[in-house]
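User: I would like to learn how to read a structure like this one. Please take me through it feature by feature.

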Protein chains: 2
Amino acid sequence: MSKKALEFAAKNQGKALAELKEFLRIPSISTLPDHAEDVRKAAVFLADELKRIGLENVRLIETSGHPLVYGDWLGAPGKSTVLCYGHYDVQPPDPLDEWLSPPFEPVERNGNIYARGAVDDKGQLWMQVKALEALFQEYGGKLPVNVRVLCEGEEEVGGEGIAEYVQQHPDALKADVALVCDTEMFEPELPTLCVGLRGMIYTEIEVRGAKTDLHSGIYGGAAPNPFVALAQIIAGLKDADDHIRIPGFYDDIQPPTEDELAAWKRLPFDEEHYRQTEVGSPELIGEKGYSVIERVSARPTLDVHGMPGGFTGAGAKTVIPAKALAKVSMRLVPNMTSAGAYEKYAAYVQQIAPRGVTVETRLIHSGEPVVIGTDNPFVQKAVNAMHEIWQKDTVFVRGGGSIPIVGEFERHLKVPVILMGFGLPDDNLHAPNEKFHIANFYRGIDSIILFLESCGA
Amino acid sequence: MSKKALEFAAKNQGKALAELKEFLRIPSISTLPDHAEDVRKAAVFLADELKRIGLENVRLIETSGHPLVYGDWLGAPGKSTVLCYGHYDVQPPDPLDEWLSPPFEPVERNGNIYARGAVDDKGQLWMQVKALEALFQEYGGKLPVNVRVLCEGEEEVGGEGIAEYVQQHPDALKADVALVCDTEMFEPELPTLCVGLRGMIYTEIEVRGAKTDLHSGIYGGAAPNPFVALAQIIAGLKDADDHIRIPGFYDDIQPPTEDELAAWKRLPFDEEHYRQTEVGSPELIGEKGYSVIERVSARPTLDVHGMPGGFTGAGAKTVIPAKALAKVSMRLVPNMTSAGAYEKYAAYVQQIAPRGVTVETRLIHSGEPVVIGTDNPFVQKAVNAMHEIWQKDTVFVRGGGSIPIVGEFERHLKVPVILMGFGLPDDNLHAPNEKFHIANFYRGIDSIILFLESCGA
């Protein structure tokens, strides 16, 4: 049972890490148009490796945005088919000056590899590639299970291309289970399966006042100030208990089961330690009446990511800007829908807009929330594989983030999705100094080897 | 009486405009450190011209920031001394993409000259230089009045250097009156003297939440969001009637006299025309219970100029930023003080700061409000000079903006300050497509010639 594959993986750890570094050096920032060529370069890099290790039908699938990378090996008739998913695009690295080493020059420090994309998601995608390589080695160029690999380069910008492809070509993606490696463990040494994900709507609010920028000395007191108006709108979105004030926003929520709530209470979680080491703020905030674990995974939230416009340089410029923008997103939980949430939000923003300005909201992208049943046999296979490697029982959690494709796989391919991830809570996703714990990279490869093999058993 | 000087000015209009264009091509943006050399270049350009036309003792006076430019001609014993002031620095040109022609490539269109600094203040400073040149021509290398010229390159960043110099060297600036050309006319063809100016405090509020940027999926619901907190603070600074909620903020205000209020009511002002042509917003805002003219010149106001930080690029980045900043300024009116206003503001910001974040306020710069008595004989000389050129009676207004040096001249040199300005309300000060009406540039030169001559009579 996979002995040779595990041995191959163990022997080739250094090589796998060196390859990952090469992958990480490509600044495949999907949200920045200037980096479109880099995103494609990362796609080609990945496709070349899939071909090299033994996958068939490897190709780039063009979309309206960045390409998908597809490959398969379907030579195990009668056995299950696993659809392996990851994404090869990354978040922008800003603020650049807070990185201890450049974001696209991977560096090892303290047993971690630091780079943008280290854990989200190039490192976790590469684990799957290396697990497949080891299995091809053990089985003499074959696999013990049928495999399709489908990777995207737009996860960080909403994943429209892959969503469209999945909706339009479910037959080309026929599978029995999907494996997604893009989540994290609850704590180091605690194998974790994510069985729920929040959805999201990412929006912009644009406020326009005067027809052009005006001098605040001459027009202050008559011209509307779009930043003041925007601040008033944002302040109106939440109350002092961080309860979202959008009418009807909470209506469709299906609360967690008693079992879930009881299990979350048993998780090893020290709120004060979490505040100090992970967040580092004077106090935690969030909706009154809910535990931190509920608040970050089973309750909807609203955040502002930036407010572009106006004068942002050093010093003073006494301008009343003609317009101001806010980037506002909301996380959604079962059974909210992105369409319903956006409709209520957009209507409420108009309702609370102050006088003197025009306000427009835009939906930039969205994803639906999902919950995965823990009674599925593939969930059990994942639990067993991780037990073998980590010698620990798996904990089930819900993820606070959104992986839009999970909902698409569920809805259009009718497959259970196994969210087996090996990040750690302090990996600085989407932030400066993103890292991946190198030991988890190796144990992740081993866990995936065992899971894939068991899927074919 | 000044016939030859006016003739010289008339004959040399084209040359004066060409010189001004050369002056405007120097991007002397005082607020941007990268432009420090350009600011100095503008100072040297100005000093060279002062020397050429006949001023003596011309030199740059170094400060902690950008240099002052000084020159004098004191060869008229027994006559008054006029201190001429202007500033050779300009505001940043952003947003660049809204300029119809590049900000530092002056272009003539529709009888205007378009460039950053055209009216604020290079064009108006150059009028003084050209008026002095014409008088030197008429009086055979002499002047009919004693003159000192003192120009600064830090007006747009608070004018600390000149304030310090004035405070420390009042004897080197002895004068009977100061002439400041940095204001505007109430409407085209209506000669205007500004007899009051608002003061200001320009501040930053910095809000810090988590120790580093965090992923909003993973931490949304627990980590404080600095932009949300900042929005709540800003929303708390004003009520729905645009009344500033800082306790005690209005306490020290000395209301305008009944005469002033009556005169403002007689000014040719059409609120709807102003809204449409100058502001262009759906509605005007401002403190309830006060006319537009009062609101923009005789009442304190509060504006937000920009909110740097977080993600401001295109598309989506789901980050909870570790910190957020807001640039907030307040205009002050007599007899408020900048120190008192800032103290009340800073205390109130702390008082309304929401949980989970630390909040810091900083004073970037400040200036005191001033009112100038209309009974001063030099005010009458200015009125007469403008009547000669424009054939109209002068209106007295208060300016909404701040020219910090005016207060310093009053306080430390004990001189009345004549604010004789020739800008127009739609000149786009501090905004894209700043312009100066070329006819006003020429008539401004003529008005100054007559005013200076009458000061020596």
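Analyst: This is a predicted model. Over residues 195-356 of chain A, the chain is 34% helix and 23% strand.

User: How do I read a sheet, and what is the strand order in the open sheet of three strands in chain A?

Analyst: Strands of a sheet pair through backbone hydrogen bonds, either parallel or antiparallel. Here the order is β4-β5-β18 in chain A, and the pairing is antiparallel. β4 (107-109) and β18 (435-437) of chain A each have a single partner strand, so one side of each is left without a neighbour in the sheet. From one strand to the next, the twist averages 25 degrees.

User: How many bridges join β5 of chain A to β18(A)?

Analyst: Three bridges join them, and A:Asn112 stands opposite A:His437 in β18(A). Helix α14 (residues 438-455) of chain A lies across β4, β5 and β18 of chain A, at about 60 degrees to β18(A).

User: How is the size of an interface given, and what area do chain A and chain B bury between them?

Analyst: The size of an interface is often given as the accessible area lost when the parts come together. Chain A and chain B bury about 7600 Å² between them, with 53% of it on carbon and sulfur atoms. In chain A, the residues that lose the most area to chain B are A:Ile285, A:Lys317 and A:Arg355.

User: How many salt bridges does the rule find across this interface?

Analyst: The rule finds two. One of them joins the side chains of A:Asp242 and B:Arg355, at 2.7 Å from N to O.

Note on methods:
Residues are numbered from 1 along each chain as its sequence is written. Chains are lettered from A and ligands numbered from 1 in the order in which they are written. This is a predicted model: local features need pLDDT of at least 70, side-chain atom pairs count only at pLDDT 80 or more; totals for chains, interfaces and linings use all residues. Side-chain values use heavy atoms; hydrogens and water are left out. Helices (H or I, at least four residues) and strands (E, at least two) are DSSP runs, numbered from the N terminus. Two strands pair if DSSP finds at least two bridges between them. Axes are lines fitted to C-alpha atoms, for helices over the stretch in contact, and angles run from 0 to 180 degrees between N-to-C directions. Contact means heavy atoms within 4.5 Å. Buried area is the accessible area (1.4 Å probe) that two parts lose on being put together, summed over both. A salt bridge is a side-chain nitrogen of Lys or Arg within 4 Å of a carboxyl oxygen of Asp or Glu.
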